[in-house]
Amino acid sequence: MDEASTSIRKLLQSARFTISVPELRQMPPDHGREIAFAGRSNSGKSSAINLLCQQRTLARTSRTPGRTQHLVVFELDAERRLIDLPGFGYAKVSKDMRAHWERVLPQYLERRESLAGLVLLMDIRHPLKPQDLVLITWCRQSNVPLHILLSKADKLSRGAAAQTLRTVAAHLTRQGGSQASVQLFSALKHDGAEAAYGVLARWLTIDQEEEKKGPGSVE
Ligand code: GDP
């Protein structure tokens with residue numbers, strides 16, 4: 001494990017639930033850097049956040065019923081945060097909830113200066129659903145770097161997982177703009193965490209000192 005990887009792990013381990021808010025104007029001051037996590041309900045978003053922060057209950061416990069449409073803020077240090085965005089794609093989602101998501105999310109992506117990048121979770125068995133495509137487009141339009149975790153990769157054979165990875169990568173080449181990337185991920189098997197740490201470290205500028213010593217291995 002290199003130094004940058006150790007530093008990002010430590011930083012993420014210090015994640016603490018700070019606040020959960022329904023509206024952008026209630027968010028903490030827009031300075032420093034933050035990384036947002038998005039995904040359909042049941043995509044494995046909570047499991048990914050918990051694994052990356054090495055805290056078993058961080059994401060799930062903070063998302064209480066009635067607050068499913070909130071932006072949940074986890075402070076890492078005085079200048080850096082993770083943001084757990086509302087899940088989407090519920091079959092039974094009400095019109096109001098959907099309208100809220102469609103209003104708040106693009107506002108957040110467009111206006112939030114400290115947003116360094118968005119991690120989008122997609123269940124590898126159900127990739128590129130309509131609202132994923134919308135989010136990919138919004139990121140491109142707002143110039144927000146995007147990194148997709150194809151979650152639950154353990155559910156497919158290696159060959160099938162690799163095929164889905166190629167399909168999604170090809171979609172990003174066509175639609176995602178130059179700042180979009182994708183990888184396989186399994187919270188269950190702890191697969192893909194190193195590659196994800198590389199992206200998060202870059203976005204949180206963890207590896208600045210490391211860059212002086214030579215390039216890191218970011219996929
Ligand atoms: P969220 O609704 O997007 O936050 O999704 P969760 O993290 O709560 O996960 C939804 C379901 O998928 C749960 O039953 C998890 O145990 C399961 N799950 C999450 N990640 C993985 C994974 O990497 N592999 C497998 N097999 N199941 C997973």
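Q: Why is Gln 69 called buried?
A: Gln 69 has a relative accessibility of 9%, and buried means under 20% relative accessible area, with exposed being over 50% and partly exposed in between (1.4 Å probe, protein chains only), so Gln 69 counts as buried. The structure is a predicted model, in which local features need pLDDT of at least 70 and side-chain atom pairs count only at pLDDT 80 or more, while totals for chains, interfaces and linings use all residues. Residues are numbered from 1 along each chain as its sequence is written, and side-chain values use heavy atoms, with hydrogens and water left out.

Q: Where is Gln 69 found, and which residues does it touch?
A: Gln 69 is found in the loop between α3 (58-62) and β3 (71-77), where helices (H or I, at least four residues) and strands (E, at least two) are DSSP runs numbered from the N terminus. Contact means heavy atoms within 4.5 Å, and, not counting residues up to four places away in sequence, Gln 69 touches Pro 22, Pro 86, Gly 87, Met 97, His 100 and Trp 101.

Q: What makes Leu 76 a buried residue?
A: The relative accessible area of Leu 76 is 7%, which is set against the limit for buried residues, under 20%, and therefore Leu 76 is buried. Leu 76 is found in strand β3, and, leaving aside neighbours within four places in sequence, Leu 76 is in contact with Leu 11, Leu 12, Ser 14, Ala 15, Arg 81, Leu 82 and Leu 204. The C-alpha atoms of Leu 76 and Arg 16 are separated by 6.7 Å, although these residues are 60 residues apart along the chain.

Q: Why does Ser 142 count as buried?
A: Ser 142 counts as buried because its relative accessibility is 18%, and the limit is under 20%. Ser 142 lies in helix α5 and touches Leu 109 and Glu 110, not counting residues up to four places away in sequence.

Q: What makes a set of residues a nonpolar core, and which residues have the most contacts inside the largest one?
A: A nonpolar core is a set of buried Ala, Val, Leu, Ile, Met, Phe, Trp, Tyr and Cys residues joined through side-chain atoms within 4.5 Å. The largest nonpolar core has 34 residues, and those with the most contacts inside it are Leu 85, Tyr 108, Leu 109, Leu 118, Leu 120, Leu 135 and Ile 148. Helix α4 gives the most to this core, with five residues.
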